[in-house]
Amino acid sequence: MSVNTQEDRAAAREPVPGPPPGGRPRGGSSPRGRTPIWNWRTAQNAKGASLSFPFLAGFTLFVIVPVAMALRESVYTTRSTGGLGFGGETVSFAGLDNFADGFVDGSFWSGMFRVFLYALIVVPLTQVLSLALALLLDAARRRAAARFRVALLLPYMVPGIVATMVWIYQYSPVVGPLTPFFAFFGLDVNFFSSSMVWVSMGNLAVWSALGFTMLILYGALQSVPHEIFEAARLDGASELRIAWSIKVPFVRGSLVLTSLLSIIGTLQLFDQPLLFRAVTPETITRDFTPAMMIYDQAFQVGNLNYATALSVILALVVGVASAIIYRFINREEP
Amino acid sequence: MSDTTLAPDAAADGTTRLPVRRRRRRTEEYSSVAEARGSSRWVVLGVLVALTLYAVGPLWWLVVAATKSRRELYTTNGLWFSEFNLWENLATLFTYQDGIFGRWLWNTVVYAGLGSLGLTLVALAAGYGIAKYRYRGRGLTMGLIIGSFLIPGSLMIVPSFILFVQLGLYDTMWAMILPGMFGSFSVYLAKVYAEGAMPSELMEAARIDGAGEYRIFFSMGLRLMSTAGATIFLLHFVASWNTFMWPLVFLKGVEKWPVMLGMYSWLQRGIDSTVDLTSLVVTGSLVSTIPMVVLMIAMQRYWRSGVTIGSLK
């Protein structure tokens, strides 16, 4: 449909009015010749273009201008003048000083290291579990699968902040059921200790992402033409073999997409650690993740220029990481 | 030969959204797929049940905990009911600090509602314009849209703060509503949908009947694109209901907060002061989650199609 439409349009735009494919004799029957028709089309298309003006205006103001400001702010530095808090502030050009500071900022990069390590464990874990879940659903009876699917999707429907708070309460030694549960087996687990807090947050991340990732992978599995399975079965392939050699390669594209999305999200981790910080401020420091450090620099310390430079660095890291992962996963394709 | 065998399948794939068709296709597949038998079937079922319990367990705890009084929350088994105290909890929740929670809930509805309505109109118009007209700059617009997918959200927050202070939007409701109205992903979604749902022949017919381009969009385009509109509205409504960092940065006044930020402030205070707000946070979490779950289950068709288009991009 869309292809036809584009062809219609392309044909209608041509300066020599042939017989219109839509079957409406406009070009031929018009006595005014070709130039007026062209103008008339242009006017029509200009009106169509104007439909996108509200979006373009808002997009310019709320996306392009902030990005440009980010680049501008990050090369300036602001100092308050005239001691005792009087007087204004001087803004001076600092070149790449903010970036130079950012690139050697120990706490920023240790935060970056933390989220990288965390992403390296949590993202593959989520993908593998979701894939297993999608394959299991695919193997279950269809009607049962539909019921399980809604239940498994419930965590996706819960607002992220609520999910984090609910898990904080699960971990809480006071109100949560998990501490007594582990105590029953003789284990004394403190979910908020510095060694456990990553496991606690990782579990929360897996819980939140499992259903959604499973849904995308399950959807991809449904579109595999099942003649292939028939053929594989005739050749004597086991169900496990079919799952590994046919189904998994078929959903590779969806795996790339969901991995990329979760890597991008994880590198910018902010909400969850901030909420955990409300409970364990001694474990979760205020520069625990890069995004938390940016927030802290901008709105607690008040160094907007430096915070902007750090945001640009974070954006670069996110971009480079996504490109590498995209390349890495796509290269393995047979 | 291969065409004739593939064609019916492709048709079935295209119509999986229709419930009747889907059920029939599933049954066919179910009979043709040699599904897990005997013991392995029980293993499949067992693992599924275990993971479902994992997914639902914490939510079950939330529902149970919301029905308990402040004292029982700490003393009784978290996974089963004791005295039913939900109504008292709700009354406390909505009367605490002159009903600030109701105010937060209302703010959330206003921000999410107005923002989503604006976004839906803006995105449908832009997507329709890009899909159905050929003009100079169209390629550039698409380039901007696709390019903006690569901008991470954390890059925007600090410069947006500086900009909003200059524009006088800081600490106003417009800081919550306006920026969300120009989401490029929604325009992309609308464009993809308009290409399929808006026949050019129909537009030509309307032109011959004397309708102007705007009239065609407002009286036909909007109606034919209502599915895409519902998807865009729903996805943004849910996203802005759940948003946290944006109001944390842009809203100073307590009475302007949305519900998620409000509950965060309770979580913080409930732990570092003498007032115990845990019970309020638990009940508030349940109250603010139920609308989302109901909405998402009721409108599965829409957000799933949005997710599918998203995963094709």
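## Burial and make-up of chain A

Of the 334 residues of chain A, 36% count as buried, a residue being buried if 20 or more other C-beta atoms, placed from the backbone, lie within 10 Å of its own. The model is a predicted one, in which local features need pLDDT of at least 70 and side-chain atom pairs count only at pLDDT 80 or more, while totals for chains, interfaces and linings use all residues. Residues are numbered from 1 along each chain as its sequence is written, and chains are lettered from A and ligands numbered from 1 in the order in which they are written.

Chain A has 15 helices and 2 strands, these being DSSP runs numbered from the N terminus, with H or I over at least four residues for helices and E over at least two for strands. Among the contacts in chain A with a separation of 6 or more, 64% join residues 24 or more positions apart; two residues are in contact if their C-beta atoms, placed from the backbone, lie within 7 Å.

## Where the chains meet

The contact between the chains takes 86 residues from chain A and 90 residues from chain B. On the side of chain A that touches chain B, helix α3 (residues 53–73) gives the most, with 13 residues. That side divides into 55 nonpolar, 20 polar and 11 charged residues, where Ala, Val, Leu, Ile, Met, Phe, Trp, Tyr, Cys and Pro count as nonpolar, Asp, Glu, Lys and Arg as charged, and the others, Gly among them, as polar.

## A helix pair in chain A

Helix α5 (residues 106–139) and helix α9 (residues 197–222) of chain A pack with their axes 7 Å apart and at an angle of about 40 degrees, which makes α5(A) oblique to α9(A). Axes are lines fitted to C-alpha atoms, for helices over the stretch in contact, and angles run from 0 to 180 degrees between N-to-C directions; those under 35 degrees count as roughly parallel, over 145 as roughly antiparallel, 65 to 115 as roughly perpendicular and the rest as oblique. The residues of the contact of α5(A) with α9(A) comprise 18 nonpolar, 5 polar and 1 charged.

## Annotated segments of chain B

An unreviewed UniProt entry places the feature "transmembrane region" at several stretches of chain B, including residues 214–239 and 277–298, and such annotations may be inferred rather than shown by experiment. Residues 214–239 of chain B are 96% helix and 0% strand, with the end C-alpha atoms 30 Å apart, and residues 277–298 of chain B are 95% helix and 0% strand, with the end C-alpha atoms 32 Å apart.

Terms used. Buried ≥ 20, exposed ≤ 12 C-beta atoms within 10 Å, placed from the backbone.
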